[in-house]
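Here is a short report on one protein model.

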Amino acid sequence: GPDHERIGHLNQAFHREIHGAAASRYVAGMLTGLVQMPLVLRTFHRYEPAELRRSMGHHRELVAALRARRPEWAEAVMHAHVEAARVTLRREVER
């Protein structure tokens, strides 16, 4: 199976890079708060394989949107990413 500890470290590194590139202090602060949330850190390793693939796909698409300098695209990807994570986290809380 996937090495969730390594993926978790890489996930945090990815979000730090996005944080550093964010032009908005609000967005940067929001990202830091979300990624460091204890609930996220505790449940990340419980992502089902399809959820993990979807999350990593969102990351790749976000990079593509940023490279294309298309903020509307990046915003849409982030909305999808956050909503998908919310569904996963809700499932974990309800278990």
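Which residues make up the largest nonpolar core? The core consists of Phe14, Ile18, Leu62, Ala65, Ala74 and Val77, 6 residues in all. A nonpolar core here is a set of buried Ala, Val, Leu, Ile, Met, Phe, Trp, Tyr and Cys residues joined through side-chain atoms within 4.5 Å. Buried means under 20% relative accessible area, exposed over 50%, and partly exposed in between (1.4 Å probe, protein chains only).

This is a predicted model: local features need pLDDT of at least 70, side-chain atom pairs count only at pLDDT 80 or more, and totals for chains, interfaces and linings use all residues. Residues are numbered from 1 along each chain as its sequence is written, and side-chain values use heavy atoms, with hydrogens and water left out.

At least two core residues come from each of helix 1 (4-21), helix 4 (49-67) and helix 5 (71-94). Helices are DSSP runs (H or I, at least four residues), numbered from the N terminus. Alanine 74 touches Leu62, Ala65 and Leu66, not counting residues up to four places away in sequence. Contact means heavy atoms within 4.5 Å. In soluble globular proteins, nonpolar side chains tend to be buried together.

**Salt bridges**

The whole structure holds 4 salt bridges. The criterion is a side-chain nitrogen of Lys or Arg within 4 Å of a carboxyl oxygen of Asp or Glu.

| Pair | Closest N and O atoms |
|---|---|
| Glutamate 72, arginine 70 | 3.9 Å |

Is glutamate 51 buried or exposed? Glutamate 51 counts as buried, because its relative accessibility is 10%. Its partner arginine 91 lies in helix 5 and glutamate 51 in helix 4, so the pair ties together parts that are 40 residues apart in sequence. Leaving aside neighbours within four places in sequence, glutamate 51 is in contact with Arg46, Thr88 and Arg91. Its side chain also reaches the backbone nitrogen of glutamate 48 at 2.8 Å. A network of salt bridges links Glu48, Glu51 and Arg91.

Glutamate 83 and arginine 86 sit 3 residues apart in helix 5, so about one helical turn separates them. Glutamate 83 is partly exposed at 42% relative accessibility. Arginine 86 is partly exposed too, with a relative accessible area of 40%. In the pair with glutamate 72, arginine 70 counts as partly exposed at 46%.

How values were computed. A polar contact is a pair of N or O atoms within 3.5 Å; within protein, one must be able to donate a hydrogen and the other to accept it, and residues adjacent in sequence count only if both atoms are side-chain atoms.
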